[in-house]
Each structure stands twice: as structure tokens, then as C-alpha cells.
Amino acid sequence: MRHLLSLFVCTLVLAGCTPETRNIDTINDPGKPVMGLDYRDFDQAASRMIQSLLGSGTLTKQGGGRYVVATGRVINDTMQRIDTAQLMAKIEQDLMNSGKVVMTSAVGGQTATSDSLIYDVRDIRDSDHADEFNADTLQAKGQLIAPELSISGKIIQRNIRYDNNRQQVEYYFQLQLTDLTTGLRFWQNETVIGKRGSNKSVSW
Amino acid sequence: MKITLNILLGVVTLCASSCYQPHDERVNLQQGLRSDSLGSNIIVRPVGQVWSALIGEGIEVKRITSWTNKDGFMELEVRGYNKAHGTKRFQYRVEWLDGSGGVIGSKATAWLQNSAMGKSPWTIHAVAPGKNAADFKINTRKIKN
């Protein structure tokens, strides 16, 4: 009976020790770094890329106006399931807010940044269902604006054995801006985020 | 014997200090790399390090410069100096303000890492996310690990 009571009390105590769920303070998160990529790493990489691009002077269009930019392929060469659109969304948002660039949803290397509805409404226009719509509201041909520049890149991961107990994981964020007319690359940048931790930690 | 030892110690210190030659300040030579001086040698250095830790020396800001680049974006540069003997790792976050003092929301406003080696200068450089940036605020925090 005594053993049963002790077991019951222990179970109650252990249950009370379960860490409670809390919202992360994303503005001033004092949490420890992790071996994988978390939102703070994406924020840091995006911030450095944005500042590099805006400070390079590449986005100033001769004759004034804004460049039409498409998001090309951003390759995830890491062991983690990263939605690269997550990184690009931060960069695209600031690029548009800068007033130098307008992003296009008509063309893109990633499905997340393009809008299939652009072509769906054109399919409707060219189909038998077009009669159902007010002809004046259907999209006319030759309206889409082709992109002038494309931004693409890669996220690379390298795992290195630091010593018997620790490993080092390096994440390389690479982005480049290409002129789609000439194929010339006008801007390129790489940001490295390095982590060093226990061999027992996983980075996937 | 004691007097002889003290004299010898003094001579060694003087010799060590005479080896130090002042150089161009644009090149920062760390302790242990450059020649010793009266203020930095094998005898004085440990005392200096303990005293520095005791009085809590840290990083300081020397100069802040801001300008508008040719694309119309505000850029800023913060130059400082780490008075401590050890490397100070910290994070900084630049908040950009518009003409009326309002915060400009931007993904570029993120905590970024920086570090300052002991007894060395450090620099922060940032570019505003929009042409409406008129001022800025920088917040810093120490990296715990």
C-alpha cells in the first residue's frame, strides 16, 4: 500500500514538472540557439541579404521606375525540410517596400511565389466558358509584364566534426540577381550561419 | 638576493618595453602578437586583465555616421571600441524611423550578431529598408553563450 502511494505521489509530481506551453517572444527571443535553422536564422540571413542588395545600388533603374523581378529557383541543399519560399517571402516583402522593385506572380521558379490563377482566368477566356463572363472583364491578351530581373539562390549545409564531443554545422545562404535580358549577374551575396554543439544534437 | 631579483625584473621589463615600436593605428596588433611595452608585458598584463574585469570594462561607441546613398537610402555606420581584454559577443537590432518618428516595419529589423575582439575597434553598418527612413534606434544585447 505504501509503495503504491509513493508511486502515485511520484507520478503526480512528475506530471506537474512538464514544461508548460508558451508563446515565443519573436521580437526579443532570449532562447538558446539550436543546431537546425530556426526563424531567427532566417531573419538574420534575410536581413543581411536585404541590406546588401539595397546598399549595392543595383536596383536603381536607369531612366527611373521600378524593376520587375521574378523569384527563380532557390535550392535547399540541406538535410532539413525547408520551404525556401519562407526565406524569399521576407526578402520580397522588403524589396517591394523599398519602392525599387515590383515582384511578379506570373513567372517564377517556385510555385509559392507564382499565382496559377493568372493562367486559369486566361484558360477560361479561351474556353467555351468564356460566354458566361462579361467580355469586358476578361483579361485581354498581351497584358502580362515580363520580368526584367530574377533572384535565385541556394541554401547549403555542411556538417563538420569539431572534436570528440562536438560537431559544427555551417549554413550558407547564397543569393544572386540576374538580368534576364542579358544573362548578366548584377549582384551576389553569401551569408554564413555557423553552429557548434553536441554530437548528440541533430540538424535535420 | 631579493634586491638582485627585483633589479633583474626591472631590467627585463625595461628591455621588453624598449622593444615596442609605435605603428600605424590602422593596423590593430593584438597582445601577444606585438612587442611588449611598459603598459603591456608579461608582468603587467595579468594585473591589467584582472583590473579590467573588476571594473567591468566593455564596449563603447566612439562615432556614429549616417548619410543618404546615391539611391536615396539612409546608411549608418557605428564605430566603437572594446575596452575589455576579452572578446565581447553581442547582438544588435536597428530600428528605422520615418520623418514623424514612427517605426518602419521591415524584415531587415532583426537581431544580428557581431563581436568585438579585446582592446580592438568594431563597426556596425546598416542600410535603411526604404527612402522614408529619417532616423534610427539601435538596441543591443549580450550573447550568453
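Strand E3(B) gives the most to the lining of the largest cavity, with 4 residues. Here a strand is a DSSP run of E of at least two residues and a helix a run of H or I of at least four, both numbered from the N terminus. A cavity is a set of points, on a 1 Å grid over the protein atoms alone, where a 1.4 Å probe fits but cannot get out, and lining residues have an atom within 4 Å of a point. This is a predicted model, in which local features need pLDDT of at least 70 and side-chain atom pairs count only at pLDDT 80 or more, while totals for chains, interfaces and linings use all residues; side-chain values use heavy atoms, with hydrogens and water left out. Residues are numbered from 1 along each chain as its sequence is written, and chains are lettered from A and ligands numbered from 1 in the order in which they are written.

A search of the whole structure finds 1 cavity of 30 Å³ or more. The volume of the largest cavity is about 50 Å³, a volume being the space filled by probe spheres set on the grid points, which are joined across faces, edges and corners. Residues from both chains line the largest cavity, including A:Gln51, B:Tyr92, B:Trp96 and B:Val127. E3 and strand E5 (121-127) of chain B each supply at least two residues of this lining. By class, the lining of the largest cavity divides into 8 nonpolar, 1 polar and 1 charged. Ala, Val, Leu, Ile, Met, Phe, Trp, Tyr, Cys and Pro count as nonpolar, Asp, Glu, Lys and Arg as charged, and the others, Gly among them, as polar.

E3(B) also belongs to an open sheet of 3 strands in the order E4-E3-E6 (chain B), with antiparallel pairing. Strand E4 (112-116) and E6 of chain B stand at the edges with a single partner strand each, so one side of each has no neighbour in the sheet. On average, neighbouring strands of this sheet are turned by 35 degrees against each other, direction ignored. Two strands count as paired if DSSP finds at least two bridges between them; E3(B) and E6(B) pair in the antiparallel sense over 8 bridges. Within E6(B), B:Lys137 stands opposite B:Glu95. H2(A) packs on this sheet, touching E3 and E4 of chain B, and its direction makes about 80 degrees with that of E4(B). Contact means heavy atoms within 4.5 Å. Axes are lines fitted to C-alpha atoms, for helices over the stretch in contact, and angles run from 0 to 180 degrees between N-to-C directions.

The next sheet lies in chain A. It is an open sheet of 5 strands in the order E2-E1-E3-E4-E5 (chain A), with mixed pairing. Its edge strands are E2 (101-103) and E5 (185-198) of chain A, each pairing on one side only. The twist from one strand to the next averages 25 degrees. E1(A) and E3(A) run parallel and are joined by 7 bridges, with A:Lys154 in E3(A) as the bridge partner of A:Ile75. E3(A) and E4(A) run antiparallel and are joined by 13 bridges; they form a hairpin with 4 residues between them. Strand E4 (residues 166-179) of chain A pairs with E5(A) in the antiparallel sense over 13 bridges, and A:Gln174 stands opposite A:Glu190 in E5(A). Helix H2 (residues 39-56) of chain A lies across strand E3 (149-161), E4 and E5 of chain A, running at about 155 degrees to E5(A). Helix H3 (residues 84-97) of chain A packs on the sheet, touching strand E1 (67-77), E2, E3 and E4 of chain A.

The largest pocket holds about 1300 Å³ of space. A pocket is an open set of points with protein on both sides within 12 Å along at least five of seven lines. Its lining has 45 residues, of which A:Pro33, A:Asp41, A:Gln44, B:Gln91 and B:Gln113 lie nearest the centre. H2 and E5 of chain A, together with strand E3 (88-97) and strand E6 (135-142) of chain B, each supply at least two residues of this lining. The largest share, 8 residues, comes from E5(A). The lining of the largest pocket has 13 nonpolar, 15 polar and 17 charged residues.
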